[in-house]
Amino acid sequence: MGGWHRKHIIALKDLSRKEIETIFETARNFKEIAQREVKKTPALRGRTVINLFFESSTRTRISFELAAKRLSADVLNFSPSTSSLSKGESVIDTIKNLESYHPDIFVIRLGLSAFLDTLKRYTQASIINAGDGKNEHPTQALLDMFTTHQIKGTLENLKVLIVGDILHSRVARSNIFGFQKFSSSVRVCGPHTLIPYEFEKMGVKVFYDLSEAIKDVDVVIMLRIQRERQKEVFFPSIREYVEKFSLNPQRLKKAKDNCLIMHPGPINWDVEISSSLKKRLHPVILQQVENGLAIRMAILYLIGTQKKSDEDIN
Amino acid sequence: MEGFREKTCVLSNEGIKRALYRLAHQILERTPSTEELVLLGIQTRGVFLAKRLQRIIEEIEGVNLPLGILDITLYRDDLTTIDYSPVVKETKINFDINDKVVVLVDDVLFTGRTIRAALDEIIDFGRPKRVELLVLIDRGHRELPIRADFVGKNIPTSQTEIVEVRLKEIDNKEEVVILEAIN
């Protein structure tokens with residue numbers, strides 16, 4: 001019977017296929033709660049969830065916040081602009097301080113890559129990764145996979161293409177780990193400067209030409225060009241990027257029929273994707289948002305209902 | 001079940017069938033206005049029993065009562081004390097329960113804690129006119145002030161025994177047995 005024993009969700013890399021399936025099964029059954037007259041269940045009553053966002057985020061944070069509230073947890077939102085972090089308090093000090101409130105779960109977004117494994121030594125609470133640097137964004141990948149499963153009916157043996165700023169993308173990394181666990185093959189495509197060398201070692205096919213990369217794919221995940229991270233120049237101009245890597249109807253024709261297009265949002269229209277595809281993308285994006293809530297509820301539930309005393313090895 | 005052996009069979013295939021027909025008649029006797037009636041089966045075996053009652057009532061009255069599925073996991077009072085997070089199953093109520101007579105269906109009534117959870121969950125869907133409880137087996141040992149309105153069979157048991165309702169839909173068998181621990 002559903003033996004969930006993991007205390008933290010830090011990386012999709014660590015999750016087994018079985019664990020991912022348990023999250024999906026739980027999420028599927030959580031979707032109905034949004035239809036009730038009272039959109040709330042008492043499963044996490046008396047538990048405290050702290051949303052600790054050292055990097056700005058609106059979508060992920062409100063999704064986690066609503067997910068926790070729908071399960072009756074008490075939610076505290078904490079972000080650096082309103083905190084003493086600007087006064088030089090370190091991330092570890094912040095965690096230690098908040099620990100005095102005896103929280104049960106920290107949902108953390110952090111600019112540093114792969115630091116959460118260190119952080120968990122400083123708290124009794126569970127940690128859920130809401131995006132850590134260039135490392136992983138497990139809940140985003142899970143909701144992409146969940147949406148794919150809903151629409152395609154399977155996660156197996158699909159050809160998945162991820163396009164854009166692969167270098168800065170924790171979403172890309174998490175999706176690669178996730179889809180590969182279901183024997184789907186992943187390709188990435190983007191400018192040379194935005195695809196780090198290490199990706200080839202992850203068993204991923206690398207393309208530098210979108211028209212070539214998109215041939216026969218079942219799923220396309222478009223990444224946002226993160227202008228805020230473009231302080232260094234990775235490609236000459238947005239115009240050149242659009243010319244080479246923007247998804248438009250002509251390029252899409254080369255993919256399989258009914259190819260699923262997803263985007264984690266927010267979209268720069270006519271940069272990553274031609275605005276003529278708006279109609280096609282819109283319903284999928286709404287479905288992604290709805291699924292994101294269900295996935296986060298599922299994770300909070302599975303982690304939050306564990307026995308507190310469990311000294312977990314994970 | 002490991003560490004347990006069958007002690008007695010308390011209800012046979014035929015016995016279950018007769019009990020369900022009688023229970024269907026009792027539901028209709030208490031609430032003749034079938035447009036008020038809705039059935040809610042508690043996961044997992046309560047759902048199958050509710051489906052059978054729906055079929056029998058259609059046979060008797062020619063009406064197809066609305067049938068909902070209730071999973072009470074999120075309302076359990078032991079969620080944080082048991083070792084694992086129990087699997088959340090489907091809940092599906094596609095109709096309005098406001099001002100309806102809800103017949104809540106489960107296989108075994110024991111401590112009453114499942115029913116307490118179910119009542120709390122039902123209220124999150126609306127305000128029924130009345131909630132009635134139907135169980136195939138009442139085995140006693142209540143820990144809460146809860147009682148069934150319709151009972152298939154009362155079976156005295158000891159605390160340590162297990163009552164297992166086996167239905168052909170999922171168990172490939174049709175019987176109710178008492179299991180006792182092997183010492």
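**View 1. The open sheet of chain A, in a predicted model.** In this predicted model, chain A holds an open sheet of four strands in the order E2-E1-E3-E4, and the strands pair in parallel. Strand E2 (74–78) and strand E4 (126–132) of chain A stand at the edges, and each has a single partner strand, so one side of each is left without a neighbour in the sheet. From one strand to the next, the twist averages 15°.

**View 2. The pairing of strands E1 and E2 in chain A.** Strand E1 (residues 48–53) of chain A is joined to E2(A) by five bridges, and these two strands run parallel. Within this pairing, Thr48(A) has Asp74(A) in E2(A) as its bridge partner.

**View 3. The packing of helices H5 and H11 in chain A.** Helix H5 (residues 138–152) of chain A packs against helix H11 (residues 278–304) of chain A at an angle of about 120°, and their axes are 9 Å apart. H5(A) and H11(A) are therefore oblique to each other, and H5(A) passes H11(A) in a right-handed crossing. On the side of H5(A), the contact is made by Thr139(A), Leu142(A), Leu143(A), Phe146(A) and Thr147(A), while H11(A) contributes Gln287(A), Gln288(A), Asn291(A), Gly292(A), Ile295(A), Arg296(A) and Ile299(A). Sorted by class, the residues of this contact between H5(A) and H11(A) are five nonpolar, six polar and one charged.

**View 4. The crossing of helices H1 and H2 in chain B.** In chain B, helix H1 (residues 13–30) and helix H2 (residues 45–61) cross at roughly 65°, with axes that come within 9 Å. That angle makes H1(B) roughly perpendicular to H2(B), and the crossing of the two helices is right-handed. From H1(B), the residues Leu20(B), Tyr21(B), Leu23(B), Ala24(B) and Leu28(B) meet Arg52(B), Leu53(B), Ile56(B), Ile57(B), Ile60(B) and Glu61(B) of H2(B). The contact of H1(B) with H2(B) has nine nonpolar and two charged residues, with no polar residues.

**View 5. The contact between chain A and chain B.** Where the two chains meet, 19 residues of chain A are in contact with 19 residues of chain B. On the side of chain A that touches chain B, the elements that give two or more residues are helix H1 (17–30) and H11 of chain A, and H1(A) gives the most, with three residues. The residues on this side of chain A divide into eight nonpolar, seven polar and four charged.

Conventions. Residues numbered from 1 in each chain as written. Chains lettered and ligands numbered in written order. Predicted model: local features only at pLDDT ≥ 70, side-chain atom pairs only at ≥ 80, totals over all residues. Axes fitted to C-alpha atoms, helices over the stretch in contact; angles between N-to-C directions. Parallel < 35°, antiparallel > 145°, perpendicular 65-115°, else oblique. Left-handed = near helix turned anticlockwise from the far one by under 90°. Contact = placed C-beta atoms within 7 Å. Nonpolar A, V, L, I, M, F, W, Y, C, P; charged D, E, K, R; others polar. Pairing = 2+ DSSP bridges.
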